[in-house]
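Hi everyone, thanks for coming. Have a look at this one with me, and then I'll walk you through a couple of spots.

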Amino acid sequence: MEGLVMTPNEADEKLPKSAGRSCGAIGVENSLRLKFLAAIGAHEYFSPEMWRAAFTELVATASLLFTLTSSIISCLESGEVDPKLLVPIAVFIIAFLFLLVTVPLSGGHMSPVFTFIAALKGVITFARASIYILAQCIGSILGFLIIKTVMDQNAAQKYSLGGCTIKGSGSTSGVGTQTALMVEFACTFVVLFVGVTVAFDKRRCKELSLAMVCAVVAGAMALAVFVSITVTGRVGYAGVGLSPARCLGPALLQGGRLWDGHWVFWVGPILACSVYYCVSLNLPNEGLKSVEEECDILKGEGNV
């Protein structure tokens, strides 16, 4: 019996060389696969907490877009001399309330833009981000499905179901795809630079409190919407999307000119997130020091 027992070294020598190489290659492949799954946070696919948070994102996105779109159309139909001034106010109030409720539950993303930049910054895993974005897109479809069901058909045609439009129809010219892409990129970057820089800073979040952080993010969104609908001055352009999911729902349900330049509302935010991420890597981790503090450091008195 002892003659049948081989040590590991003897067993390796008995194996064909090709088999040894195959086992080594399989081991490397398994190791790389495990590292990849760990890097994207694949374990979260099996986390009940993550799925509850994703469900929160779905419900919150549907509710937000239903409320926000209905309010914006009401502002435009209010008969005011310049109803566009009411739109940023509505955006600020509604966004602030929804952020205040959902931030403690799921992070309060409600937009692929915030989810994507959170994944790039390492705040959430890419696995969670993928489910969040899927939930937001489904939420957008459900929210605009409700709007399409209850909205007057004439109003739905006039405002394209509240979707993201670039080119007008008939006498309305809209804007070109290059202009829309630049506006989408610039406005999204402003929201990220003003709102996300504060929201992802733990120290400043504690200093400002949840309500103030939500107000900053909502204010940045309202500012971006105001700039986008006033700087172009073109009828037929619905303004900055700030959320590809918001633009996807009406395009799927209404179709038509909503697909014209639809790619802009995806490419613009992705470019803005990528550029902002590169910029954020070079932002100072600590606040600027006063002149006296800088002098103390230069004199070697910083640790005295």
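So, is C205 buried, partly exposed or exposed? C205 is partly exposed, at a relative accessible area of 22%; buried would be under 20%, exposed over 50%, and partly exposed is in between, with a 1.4 Å probe and protein chains only. Quick word on the source: this is a predicted model, where local features need pLDDT of at least 70 and side-chain atom pairs count only at pLDDT 80 or more, while totals for chains, interfaces and linings use all residues. Residues are numbered from 1 along each chain as its sequence is written, and side-chain values use heavy atoms, leaving out hydrogens and water.

Now the cysteines. C164 and C247 are joined by a disulfide, S to S 2.1 Å, where the cut-off is a pair of cysteine sulfur atoms within 2.5 Å. The pair sits 83 residues apart, with C164 in the loop between α7 (153-158) and α8 (177-199) and C247 in helix α10 (residues 244-254). Helices here are DSSP runs of H or I, at least four residues, numbered from the N terminus. The S-S torsion is about -75°, so this disulfide is left-handed. C164 is buried at 2% relative accessibility, and C247 is buried at 2% too. C205 is in no disulfide; its nearest cysteine sulfur belongs to C214, 9.1 Å away.

Last stop, two helices. α3 (residues 48-76) packs with α4 (residues 86-106) at an angle of about 170°, axes 10 Å apart; axes are lines fitted to C-alpha atoms over the stretch in contact, and angles run from 0 to 180 degrees between N-to-C directions. They're therefore roughly antiparallel, the word for angles over 145 degrees.

Note on methods:
Parallel < 35°, antiparallel > 145°, perpendicular 65-115°, else oblique.
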